[in-house]
Amino acid sequence: MNRVFYHVWWLLVNEIVCYLAFDFLLEVTGRKEGRRYLPAWLGVNALMITAALCVRLPGLFLADVVLLALFARRFLKLAWEEFLAPLTILFTFYVFMEGFSAVIMSWISTNMSSPLYGQAVQVLVSLLLDGLYFLWLRIVRKRYLSSLHRSVSSYLYILLLPCGIMAWSVRYGLKLDSPFFEEYLSASGAGLRISAFFLMTAGVLMVFMMIQVFSRIIAMTDQERRGALLKVRLEEQKIYIEEARKRNEQFASFQHDIDNHLLVLSGLIREKHYEKAGEYIDRLRAGSEVLSFPVSTGNEVLDTLLREKGGYARGNGIEVACRVRIPEEFPADDMDLCILFANMMDNAVRGCMESGQEKPFLTICTRRRSRFLVIEEVNSAAPGQSVTMGTGLNNIRDIAEKYEGTMELEKGGGTFRISVLLCSKKTEKPSAK
């Protein structure tokens, strides 16, 4: 009976740890929709833990690491650089928790004469360690969530290398992966257990210090990126002003010639050349549509931008459909919207002109879903051409992240699609002065 209770309790404790790890990964990477895979994750881990208990394996640390990495790649669709940092934190803390558990349980088995009393203490210790694991992850998630949410490259080694060394030292030093680790700890004496306990406590503090350093480096990198983004914004404003000047010149030229066009039309009608007059009107209308691209987004600044970009696209033979509407209550900064839509339109026009298609097109639209704003743009693209994350797409991604949203790209079938999700949470629209 005691053996059955022990197995059930150990299974429950490990399932709690698995849940905390999966929840932490979803929160840090921003893939909360991956909760639908939680039952499968817990089920697979339950089978592994049950198998380990039946054949008395000391631990399945490496299998747990590989399994969570596969779940992140296969089901959550995360890139390696997105989940390596949170995965490193998870399993470093997990190793420390295993180490504390092994040292404390070894002391209990050596010093507790009553089996029943010893089992009760073991249950209490496992609960306390689960609570400690939850607390560690909670602190990391509360203080360093924005930094860990970043996709980074070389900065990962600030965490990977030291954490890997500490995790290996704990596992090797306490022989956690050996089937004889209980006998080893029991024979080591109180001195080793006390030393291991304090060294692991220092190790946990060092991990928190490394995460803090990691976060500060990310913050400094973000500051540099914001400076570069500001320079790009100034350059984009110059380009926009130049495009507006050219468009105004074209419009003034069209207005200057309108009297001549009316004289030609009146002459054709007087001479009853109605068919030629109709053709002339069609050509005039086509020319005026290029110069006057109708837009009504609910945002005057964005209207001006889209008129310029849409008119430029039509002037280059691109069929443009614009169904953009910004809800008045959506708290988005005008500058952010202009950067977002300007880069989307510029990339789309460039893609259309490079597509080689006879009738290139671009479509841009918005949809409101609760507190989310979805912006989607589809344009003609050259088949087989790869997508490169240049300045434009990086600017779009930065704006999406600023509004706690995401950016998705899709290419195929001679088209390119970009979807941007913006969230109104924690973002306030600046008040008019």
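**Contacts, cores and salt bridges**

Me: What does proline 327 touch, leaving out residues up to four places away in sequence?
Reply: With those left out, proline 327 touches Arg368 and Leu373, where contact means heavy atoms within 4.5 Å.

Me: What kind of model is this, and what are the ground rules?
Reply: It is a predicted model: local features need pLDDT of at least 70, side-chain atom pairs count only at pLDDT 80 or more, and totals for chains, interfaces and linings use all residues. Residues are numbered from 1 along each chain as its sequence is written, and side-chain values use heavy atoms, with hydrogens and water left out.

Me: Back to proline 327. Where is it, and is it buried or exposed?
Reply: Proline 327 lies in the loop between β1 (319-323) and α11 (334-355); helices (H or I, at least four residues) and strands (E, at least two) are DSSP runs, numbered from the N terminus. Its relative accessible area is 16%, so it is buried. Buried means under 20%, exposed over 50%, and partly exposed in between, with a 1.4 Å probe and protein chains only.

Me: Next, cores. Which residues touch the most other members of the largest one?
Reply: Leu90, Phe93, Phe96, Tyr133 and Trp136, out of 63 residues. A nonpolar core here is a set of buried Ala, Val, Leu, Ile, Met, Phe, Trp, Tyr and Cys residues joined through side-chain atoms within 4.5 Å.

Me: Which helix gives the largest share of this core?
Reply: α4, with 16 residues. Of the 32 residues in α4, 23 are buried. The helix reaches 45 Å from first C-alpha to last, close to the expected 46 Å, where the expected span is 1.5 Å times one less than the number of residues.

Me: What sits around tryptophan 136, beyond four places in sequence?
Reply: Phe93, Phe96, Met97, Phe100, Val204 and Phe208. There is also a second, separate core of 37 residues, including Ile318, Leu393, Ala400 and Leu422.

Me: How many salt bridges are there?
Reply: Eight, counting a side-chain nitrogen of Lys or Arg within 4 Å of a carboxyl oxygen of Asp or Glu. In one of them, the side chains of aspartate 23 and arginine 35 meet at 2.6 Å, N to O. That pair links helix α1 to the loop between α1 and α2, twelve residues apart. Asp23, Arg35 and Arg141 are linked in a network of salt bridges.

Me: Why does aspartate 23 count as buried?
Reply: Because its relative accessibility is 12%. Arginine 35 is at 35%, so it counts as partly exposed.

Me: What does aspartate 336 pair with?
Reply: Lysine 402, with the closest N and O atoms 2.8 Å apart. The two are 66 residues apart, aspartate 336 in helix α11 and lysine 402 in helix α12 (residues 391-402). Aspartate 336 is buried at 2% relative accessibility, whereas lysine 402 is partly exposed at 48%.

Me: Last topic, backbone. What is phi for lysine 77 and lysine 175?
Reply: Lysine 77 has a positive phi near 60 degrees, and lysine 175 has one of about 55 degrees. Most residues other than glycine have a negative phi. Lysine 77 is in the loop between α3 and α4 (80-111), and lysine 175 is in the loop between α6 (157-174) and α7 (181-188).
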